[in-house]
Amino acid sequence: MQIVETNLQFSRAPSKRTRTGRIILHHTASADVSAATIHGWHQGQGWIGIGYHFVIRQNGDIERGRAENLIGAHAGGKGNPDSIGIVLTGNFETGKPTTAQMDSLVWLLKDYLFPKHGVKPVIGHKDVMATACPGKNFPWADLKRRLEV
């Protein structure tokens, strides 16, 4: 697997993140969309650009959003400074992630992020803010089983 570099342009430089303490998972609550589309949505809200570090598409493609050494804008003020944000496209209140998405998520965590940043807690957006994200149908038990060494 690989990460698709998107080279998105931000309206100003994001701040650097000094440590990684956790990884926060999200869903887009939308149809399958690209990192570039989310980037446009976030800029339309007055943000400097996409708030997530990675976007996992329904076909399993992993697209880079914000560089992982930068502070994201995905989990509220207190959730962003020490976290990496990963969003899976789709609405997991009404559906479930695809097999390809889950395979890519496990690869991104186990084979890419954990070796780089150490094994970190993987939590949902709902664990840091009052939201249903990443949705009631997100398969937490399966993910935790697949992340066990």
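In this predicted model, helix H2 (residues 99-117) packs against helix H3 (residues 140-147). Two packed helices are described by the angle between their axes and the distance between the axes. For H2 and H3, the angle is about 40° and the axes lie 10 Å apart. The two helices are therefore oblique to each other. Their crossing is right-handed.

Residues from both helices build this contact. H2 contributes Met-102, Asp-103, Leu-105, Val-106, Leu-109, Lys-110 and Phe-114. H3 contributes Asp-142, Leu-143, Arg-146 and Leu-147. Seven of the residues in the contact of H2 with H3 are nonpolar and four are charged. None is polar.

Asp-103 makes a salt bridge with Arg-146, and the closest N and O atoms are 2.7 Å apart. The bridge links distant parts of the chain, since Asp-103 sits in helix H2 and Arg-146 in helix H3, 43 residues apart. Asp-103 is partly exposed, with a relative accessible area of 31%. Arg-146 also counts as partly exposed, at 22% relative accessibility.

Side chains of opposite charge can pair when their charged atoms come close. In this model, the count comes to nine salt bridges. One of them joins Glu-5 to Arg-64, with 2.8 Å between the closest N and O atoms. Glu-5 lies in the loop between strand E1 (3-4) and strand E2 (22-27), while Arg-64 belongs to strand E4 (residues 62-64), so the pair ties together parts that are 59 residues apart in sequence. The two partners fall into separate accessibility classes. Glu-5 is partly exposed, with a relative accessible area of 44%. Arg-64 counts as buried, at 12% relative accessibility.

Another salt bridge pairs Arg-57 with Asp-32. Here the closest N and O atoms are 3.1 Å apart. This pair, too, links distant parts of the chain. Arg-57 is in the loop between strand E3 (54-56) and E4, and Asp-32 is in the loop between E2 and helix H1 (35-44). The two residues are 25 residues apart. Arg-57 is buried, with a relative accessible area of 17%. Asp-32 is partly exposed, with a relative accessible area of 29%.

Some salt bridges share partners. Glu-5, Arg-64, Glu-68 and Lys-116 are joined in this way into one network.

Technical notes: Residues numbered from 1 in each chain as written. Predicted model: local features only at pLDDT ≥ 70, side-chain atom pairs only at ≥ 80, totals over all residues. Heavy atoms only, no water. Axes fitted to C-alpha atoms, helices over the stretch in contact; angles between N-to-C directions. Helix = DSSP H or I, 4+ residues; strand = E, 2+ residues; numbered from the N terminus. Parallel < 35°, antiparallel > 145°, perpendicular 65-115°, else oblique. Left-handed = near helix turned anticlockwise from the far one by under 90°. Contact = heavy atoms within 4.5 Å. Nonpolar A, V, L, I, M, F, W, Y, C, P; charged D, E, K, R; others polar. Salt bridge = Lys/Arg side-chain N within 4 Å of Asp/Glu carboxyl O. Buried < 20%, exposed > 50% of the residue type's maximum accessible area, 1.4 Å probe, protein only.
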